[in-house]
Each structure stands twice: as structure tokens, then as C-alpha cells.
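Look at the model below. This short report covers a pocket, then the chain around it.

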Amino acid sequence: MNAPHSSYAENYLNFTRIFSSVRVCEEDSKIRIPEKVLRCVWNDQTLKKDELCTTEAESAEVIFPGYWNFGPGPDFKNAAIKINGKLFEGDLEIHVYSGDWKAHNHSSNPEFDNVVFHVFLWKTGKDAISSRPSDLAPEQLRGGHIFEFELKHFLKKGILQLANELDMESYPIMNQFNYGMCHEPLASLPFEKLELLFDSAGDARIITKMERFHDRLILKGYEQVFYEGLAEALGYPNNKQSFRYLAENLPLELIKELIPKRISTDEKTLHVSALMFGFSGLIDFKGLDLSTLPTQDQSYFESLHELWDHYKPHLPTSSLSADSWKFTGMRPANYPYRRIAGLASLIVRHFKCGLFEDFMTSFKKQTQMSPQKGYAVKIPKKIYEFFSIGGEGYWNLHYTPGGKLLKKSQNLIGPTRSAEIILNIVLPIGLIYARSERSAELESSFNRLFQSSKTSGDNQLLRFIKYYILGNQDKMTALLVNDRKRQGLMQIYQDFCAQNGNNCNRCPFPDVVKQYFSRE
């Protein structure tokens, strides 16, 4: 493998510079329609498009329905719709009832500030979300000025029939609107050039991550920066910033300074957990009533509070509060409580030498080197699971404080997240370390790790990108055999699709492919 500082990566950097089901409730006789049904309908545009208009009777032409948002915020990002002949672009939110906008408090949520279009099945009440001047220009439409659409008038079929016909498990992937305009020029490239594009973009992605860590490593050292990166990865995507703030302002050196040296591992984990839950602002656990808990659980939470009261005077003031953390839009197993508990366990597990040092020691021991080939010929499975933490203590069988008991143990940090930490944190920091030590052997081992097919699999976003950029063409997706190539595809999406709001009409990528990679 070419090292990530190869000319291929430089070529890519130059290249970028060039340019649930329906439910009927008998009690109130209302039909319950999951919002996802409406998202699918809008995504596929199964509408009478020639008749489409706003609730103010303004003519509308959907140029682009927007791209399906995988994270928090509006349902679709960067939609483009002509209203009375003027083109407006912005985010789009979908509800079953128009009143759900206020019920969900979107007006007070900054993530919805760029919503321009509000789509719903049924209108409730008389008032629109906001009024708009009649002569409003497209560039003035931001933050609260919203065009509304009541879809019940424009469905091609009845909503129940559409819901029955939809295969919602396949969304948001298997539909025509998730194909971009780039898969055709990419399909025309010889495979060796397509592989070169993926590899060089993947290398460029690692270079970018290395640059992000480089100066911080000089200022703070490997252990602290690695800890910050690890915490950030545990919070990805919804609580990334809160976890990073936690790690930056509750540094490892301070934790080690405060924790008593001569206590057991279990006690040490309890102490570190108290520091982290307290500093995170989650120590009150949503007003948990301890009297309702079993004795053992009462003792756990009481100990956390007592320890936090002891440590709090010795710590800087934290700006984190319970409101800083997001719980919606994620699996309960990934709730911040469990991630913080997992991070505390990792710190204690590597308390003596440090997270980064222990990983490097293990990596050097377990990586087998080939004198002939000059790189590691085998990456043991243990490496990918190095940061896994099984179910421990109270959070072993709970998602929430005071919540019901789970049927079986749940990992605090699973193998998949551990593998993602390897890819996104270990690899760039490890390469910086290898180069600082001038160890070609170690660098080759990390390069081999990057070529591995084991580090990470497909997530929802990557599956979407395969459809969007590659048109889900088997011949092209079959080339994504390792992390280097998969990361390259994600970097292409970030550099072009995301930067252009997934608006193919103004994206230079197809033309750049033809001009740059198609030439002999």
C-alpha cells in the first residue's frame, strides 16, 4: 500500500481543489400514520406534481425534494422548489399534522432555523407558522419564513394504499431520488482509475484527520489528545461536542491527580464515573427518586452523589448541563449515561500507563511483520476490539436511571464502535506517532490496518452514499473492499455532495471526473 502521504493522495487533494406501518386506533377513530410514510411519499414524489401548490394557493414545482437527513434536525436538507416561478432552497420538515411543528417546539430549536418548507398530511388550526411579505425574494427566505404544503390534496393514491405498497425498511435508499448525477461518469472510468480515485481520496481523508490532531498533540501530548478523540467518537454524532468539552475540561492528568491511588479497580471506576457524571451535568439523573430503587441501586447512585460533592470544589466550573445532551434519534444502548460509564471504565482499565500507550504496546506485540514484504501480514481480531467494554455494574442491565431491567447484558462500548475508534482516532494519531519515531515498520503496520476489511462495515450513511454516488452499481460497489476505499468514497461525498447541498445541478464533480480522471 502506498503511505497516506503518497502522490495519489496529493492528486486527489489537487482534484478537489480544481473545482413503521399504519395503525388504526378505534378509541378516537383517528388513522395513525407514521411520519416515515410521509417521508417516503415525499422522497419518491408520488404526488400529482402538476397540481401542487402551497396552502396559500401559490404554484409549486419541486426541482429537488431534498436529501434524506440521517441526523437530528429537519427531515430533508437542501430542498429546491419553485414558488410562483421563483426558486427557493432550504431545509424541509414533514409532519402528519401541521400543528406538530409547535408541538415539537421546532421554532425554538436552532437546528430548524433553515427550514423553508413545511409539508404535512393534514392541516390543524387556522394559523400558519409564520407570515411572509408578498414580495419576498428567495435570498430573504431564512429562519422562520416557511412555505406550507398540505399533501392530502396531491397524493396520487390514498394514504393507506401508499403505506401498504411502501417497503419502508428499504428507505431512504432504494428509490430514484437517491441517485446523483455522478455515477454515470464514474461508471465510464476504467476500474484501475476508479480504484485510484477511491484510494487517493481515502488517503486524503486520513491526511486531513492527521492535520486536525497534529498541533493538539504538540500542545497537549498523545494521551490527552487521544482521550479527547476517543470521547468525541463515543458521542458521535449527536453528542460529539458535549463529549469533547467533557474530555477537554476534565483532563486525564486532573482525574489521575484526584483519584486515590490505593483503592480497588471497582472503587476507582466509581470515582471516575462520579467525576464524569458530575462534570457532564447528568449527575441528577433527571430527578431520579432513589426511594423507588432496589437497595443496591440506591447505594450506587448515593455513592455517585457523595463522591461528586467531594470532588466538585476541586474542579473548574463546567458549562455542561442535562440540556447539553441529546437522547432522541439514537438507540438506547448508545445513551450518554452508558457511554460515559464506558469511558470511565476505559480510563480505569488503562489508568497506569494510559490509553494510547497501552494500545501501541498491544499493537506492536500482536502485529506480525513480514521481513520480505515490509508490513504486517495479519491484523489480529483483538486489535479491532481493543476499546470494547462489556456490560458492567448498574449500566450492564439499564439504559436509563431508574428504568426497567433489561433482559440481557448490553455492552457499554461494542466491537463496532471500537472498530470505528480504531479507524477515526487510532489510525491518524498512530501514523503521526510512527512518523515522529521514524519507524517505517510501524507506519507500514498502520497502513496495512487501513487496508483491512475488518475495521468497519457499512453504516446507514455509507449505504446511502453508495446509492447516491455509485448508483448502487455492483461493479463499482464491489471495489469497496477495505476501509481505505470506503473512507475515500465518504470523503468524495463530503467534498462535493455535502458542500453543494446534494444539489447535482451546481456540483462540479461529474465534470471534474470527465476532465481529470478520464484523460489518458
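The lining of the second largest pocket divides into ten nonpolar, ten polar and five charged residues. Here Ala, Val, Leu, Ile, Met, Phe, Trp, Tyr, Cys and Pro count as nonpolar, Asp, Glu, Lys and Arg as charged, and the others, Gly among them, as polar. The model is predicted: local features need pLDDT of at least 70, side-chain atom pairs count only at pLDDT 80 or more, and totals for chains, interfaces and linings use all residues. Residues are numbered from 1 along each chain as its sequence is written, and side-chain values use heavy atoms, without hydrogens and water.

In total, 25 residues line this pocket, and Thr269, Tyr300, Glu392, Gly393 and Tyr394 lie nearest its centre.

Helix 10 supplies the largest share, six residues. Helices (H or I, at least four residues) and strands (E, at least two) are DSSP runs, numbered from the N terminus.

How much of the chain is buried? Of its 520 residues, 51% count as buried. Buried means under 20% relative accessible area, exposed over 50%, partly exposed in between (1.4 Å probe, protein chains only). Cys40 is buried at 0% relative accessibility. Cys182 is buried too, at 5%.

A search of the whole structure finds zero disulfides. A disulfide is a pair of cysteine sulfur atoms within 2.5 Å.

Terms used. On a 1 Å grid over the protein atoms alone, a cavity is a set of points where a 1.4 Å probe fits but cannot get out, and a pocket is an open set with protein on both sides within 12 Å along at least five of seven lines; lining residues have an atom within 4 Å of a point.
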